[in-house]
Amino acid sequence: MARAISRNSKIGWTVAAWLVALIIFFPILYTIITSLKTEQEAIAGFDLIPSFSFSSYETVQNQNNYFRPFMNSVVIAVGSTLLALIVAIPAAWAMAFSPTKRTKDILMWMLSTKMMPAVAVLVPIYLIFLRTGLMDTRTGLVIILMLMNLPIVIWMLYTYFREIPGEILEAARMDGATLRDEILYILTPMAVPGIASTMLLNIILAWNEAFWTIQLTTTNAAPLSAFIASFSSPQGLFWAKLSAASTMAIAPILILGWFSQKQLVRGLTFGAVK
Amino acid sequence: MNRTIRALMGATALCATAGIAAAQDTTLTVATVNNGDMIRMQGLTSDFTEKHPDITVEWVTLEENILRERVTTDIATQGGQYDVLTIGTYEVPIWAKQQWLVPLDGLPDDYDADDLLPAVSEALSVDGTLYAAPFYGESAMVMYRTDLAEAAGITMPESPTWADIKAAAEAMTDKDNEVYGICLRGKPGWGENMAFLTAMANSYGARWFDMDWKPQFDSQEWNAALTDYLDLMTNYGPPGASSNGFNENLSLFQQGKCGMWIDATVAASFVTDPENSTVADKVSFAQFPNKEGMDNHGNWLWAWSLAIPASSQKQDAAKQFIAWATSKGYTELVASKDGWRAAPPGTRTSLYENPDYQSEAPFAAMTLQAINAANTQKSSVQDIPYTGGQFVAIPEFQGIGTAVGQQFSAALAGQMSAEDALSAAQANTTREMTRAGYIK
């Protein structure tokens with residue numbers, strides 16, 4: 001009897017979980033479905049069965065070459081993530097293993113920088129980019145996105161590092177490991193799940209960023225966020241084309257998320273159940 | 001030996017020529033919006049680059065509001081990221097007065113600037129100098145279904161009054177079959193519902209500000225305009241109209257759900273396009289309505305235009321590009337590729353005199369009449385201190401217009417009465433205009 005109840009409740013939970021997942025995923029699914037319709041079908045109202053027309057993809061590709069913004073997105077997302085990790089790992093190490101009285105305040109201060117609306121600093125940053133020649137360059141975007149996501153990266157790494165017993169690092173030090181050895185050979189391998197999930201999350205954040213990437217680019221470094229923005233129209237209906245552009249823009253990150261979901265979930269819940 | 005020297009000299013000359021060609025190569029960055037006509041121009045760029053092999057063109061297409069934001073930042077900081085801008089009749093007078101735009105004098109002789117429609121070129125000029133060349137222009141008019149009008153036994157006058165519109169909306173409404181007598185903009189925004197409501201208020205004799213810049217929402221005229229708008233939309237409009245903008249109404253009309261739609265004339269080519277519209281052969285047109293006895297048809301005028309920012313380093317090349325894109329030759333190029341129906345409308349008198357265009361575009365005559373009737377220098381029958389037809393050409397209008405649009409949209413959604421929306425608009429606008437220094 002008890003077994004039957006538990007099985008029923010298991011089925012119930014599974015159904016509920018699938019339902020919630022479907023509700024969350026539905027807007028993306030409907031975007032993909034709409035992208036496979038003709039413009040006429042797309043405006044005709046709600047319909048889940050498309051005519052599998054690929055004309056929108058063709059038009060989108062002809063109108064705006066996809067590969068240039070795609071490569072820009074890859075370089076910017078991966079570049080800013082790696083740069084953020086290089087800065088954040090030593091910072092999080094220092095805060096986790098050699099905390100001072102002010103560590104908590106510094107962490108809070110770093111997080112507080114995320115609370116200011118980005119548009120408030122648009123003009124000064126725009127001017128700096130113009131004067132230093134960083135405008136419309138991948139390097140400029142890598143730097144700005146690294147700075148933007150750095151507080152989150154440090155916070156996440158700090159949380160993971162705190163789970164690692166300090167005694168292990170002490171033992172390494174007693175065996176004669178230098179600071180560099182300690183971080184590179186002891187700490188980093190132990191924190192791999194945490195670093196991997198931080199990296200994935202940061203890539204997703206950088207990929208989806210649509211304020212700085214649009215404001216600080218024109219043609220050379222414009223990533224996929226600018227690619228989508230170019231298909232929104234004030235006059236005329238381009239729903240199928242807009243959906244096709246959106247599908248092309250989110251597909252790489254969706255596939256990456258799908259394959260790395262185990263690491264993501266493991267990383268995000270790391271320490272939460274202990 | 002002789003041959004070697006000659007070969008070497010030849011190679012040197014070739015290198016030098018290549019060097020000169022490379023040095024002369026100019027790249028123009030053109031910022032534009034994703035409208036059908038603009039996309040078509042993008043596709044025809046090769047015609048320009050073939051004629052000007054030393055110029056290459058890079059396109060930046062952005063959503064309208066993002067484009068405005070990007071371009072404003074760039075001009076204000078003298079960034080020089082763009083060489084040609086796509087802007088509207090709202091920005092041109094404001095930016096020209098700030099000296100952000102290059103005057104478009106010295107265009108080639110065959111450009112024929114006198115051929116531009118007078119209302120449009122006036123809206124793009126400051127003190128008689130042209131600051132932007134129109135790429136396509138529009139006014140507003142009534143688009144209605146001839147089959148529904150016939151079935152309801154009504155005849156639409158060429159120049160209807162608001163009373164005619166109300167009678168027609170009532171007769172055409174058949175809510176059981178999802179046919180609504182009238183579709184109008186309700187989505188809040190200075191370029192959305194306020195474009196329509198400002199034009200409608202103009203035709204009721206209302207004005208945004210008196211000569212001391214005091215807002216006039218407490219006037220009888222505004223009250224009559226808003227009350228009639230809400231009455232029309234509540235009784236004969238589609239459900240959820242407070243979130244309908246241009247695109248939503250276009251979709252409803254194309255699906256055959258609207259008896260009438262009063263909006264930008266550029267929509268005429270979309271609703272009569274058999275490929276996208278289910279009612280393509282059942283549409284006719286009438287002038288923007290006026291209030292009985294009031295000689296004012298809204299004065300709606302908009303032109304997407306090409307201008308050169310003062311910060312551009314390549315102004316000569318930019319001028320050549322603009323002269324190409326807004327020339328008679330370009331219109332002929334479009335007609336030869338996609339037919340006369342696709343020619344960018346509302347900019348040149350010669351287009352409307354062309355018999356091929358007249359026969360292919362059933363909306364041509366009414367569009368021209370609407371554009372010619374628009375007076376953006378004096379949009380109200382009362383005295384006004386501003387210019388602009390369906391907007392007020394001051395920098396503060398984007399913010400104020402959108403805030404007022406939100407109040408009116410809330411009234412349409414049934415969240416407040418017309419009186420409450422008008423008094424909220426009055427208070428809000430008075431505060432903003434005082435803060436901006438207009439009201440002393």
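Two strands pair if DSSP finds at least two bridges between them. Strands (E, at least two residues) and helices (H or I, at least four residues) are DSSP runs, numbered from the N terminus. By these rules, chain B holds an open sheet of five strands, in the order S2-S1-S3-S11-S6, with mixed pairing. The structure is a predicted model, in which local features need pLDDT of at least 70, side-chain atom pairs count only at pLDDT 80 or more, and totals for chains, interfaces and linings use all residues. Residues are numbered from 1 along each chain as its sequence is written, while chains are lettered from A and ligands numbered from 1 in the order in which they are written.

The sheet of chain B was examined strand by strand. S2 and S6 of chain B are its edge strands, each pairing on one side only. From one strand to the next, the twist averages 15°. Axes are lines fitted to C-alpha atoms, for helices over the stretch in contact, and angles run from 0 to 180 degrees between N-to-C directions. S1(B) and S2(B) run parallel and are joined over eight bridges. Within this pair, B:Thr32 stands opposite B:Thr61 of S2(B). Helix H4(B) packs on the sheet and touches S1, S2 and strand S3 (84-87) of chain B. The direction of H4(B) makes about 135° with that of S1(B). Two residues count as in contact if their C-beta atoms, placed from the backbone, lie within 7 Å.

Chain B was divided into two domains, with bounds that come from an automatic or database domain assignment. Domain 1 of chain B covers 2-137 + 302-358, and domain 2 of chain B covers 140-300 + 363-435. Their centres, taken over C-alpha atoms, are 32 Å apart. Domain 1 of chain B gives 18 residues to the contact, and domain 2 of chain B gives 17 residues. On the domain 1 side, helix H5 (91-97), helix H6 (118-123), strand S6 (133-138) and helix H16 (355-360) of chain B each supply at least two residues. H6(B) provides the largest share of that side, four residues. By class, the domain 1 side has twelve nonpolar, four polar and two charged residues. Here Ala, Val, Leu, Ile, Met, Phe, Trp, Tyr, Cys and Pro count as nonpolar, Asp, Glu, Lys and Arg as charged, and the others, Gly among them, as polar.

Chain B also touches chain A. This contact takes 27 residues from chain B and 26 residues from chain A. Strand S1 (26-33), helix H2 (36-43), strand S2 (55-62), helix H4 (64-76) and helix H11 (246-254) each supply at least two residues of the chain B side. H11(B) gives the largest share of that side, five residues. The chain B side divides into nine nonpolar, 14 polar and four charged residues.

Chain A has 14 helices and zero strands. Its C-alpha atoms fill a box of roughly 75 × 70 × 30 Å, taken along the principal axes. A residue is buried if 20 or more other C-beta atoms lie within 10 Å of its own, exposed if 12 or fewer, and partly exposed in between, with C-beta atoms placed from the backbone. Of the 274 residues of chain A, 33% are buried. Among contacts in chain A with a separation of 6 or more, 77% join residues 24 or more positions apart. An unreviewed UniProt entry annotates residues 12-33, 74-94, 106-129, 141-161, 182-207 and 238-259 of chain A as "transmembrane region". Residues 141-161 of chain A are 100% helix and 0% strand, with end C-alpha atoms 28 Å apart. Residues 238-259 of chain A are 95% helix and 0% strand, and their end C-alpha atoms are 32 Å apart. UniProt positions are given in the numbering used here, feature names are shortened, and annotations may be inferred rather than shown by experiment.

Helix H17 (residues 364-373) of chain B is mostly covered, with seven of its ten residues buried. Among them are B:Met366, B:Leu368 and B:Ile371. B:Asp112 has a positive phi of about 60° although it is not a glycine. B:Asp112 sits in the loop between H5 and H6 of chain B. B:Asp112 is partly exposed, with 14 other C-beta atoms within 10 Å. B:Asp127, also not a glycine, has a positive phi of about 50°. The loop that holds B:Asp127 runs between strand S4 (125-126) and strand S5 (129-130) of chain B. B:Asp127 is exposed, with 8 other C-beta atoms within 10 Å.
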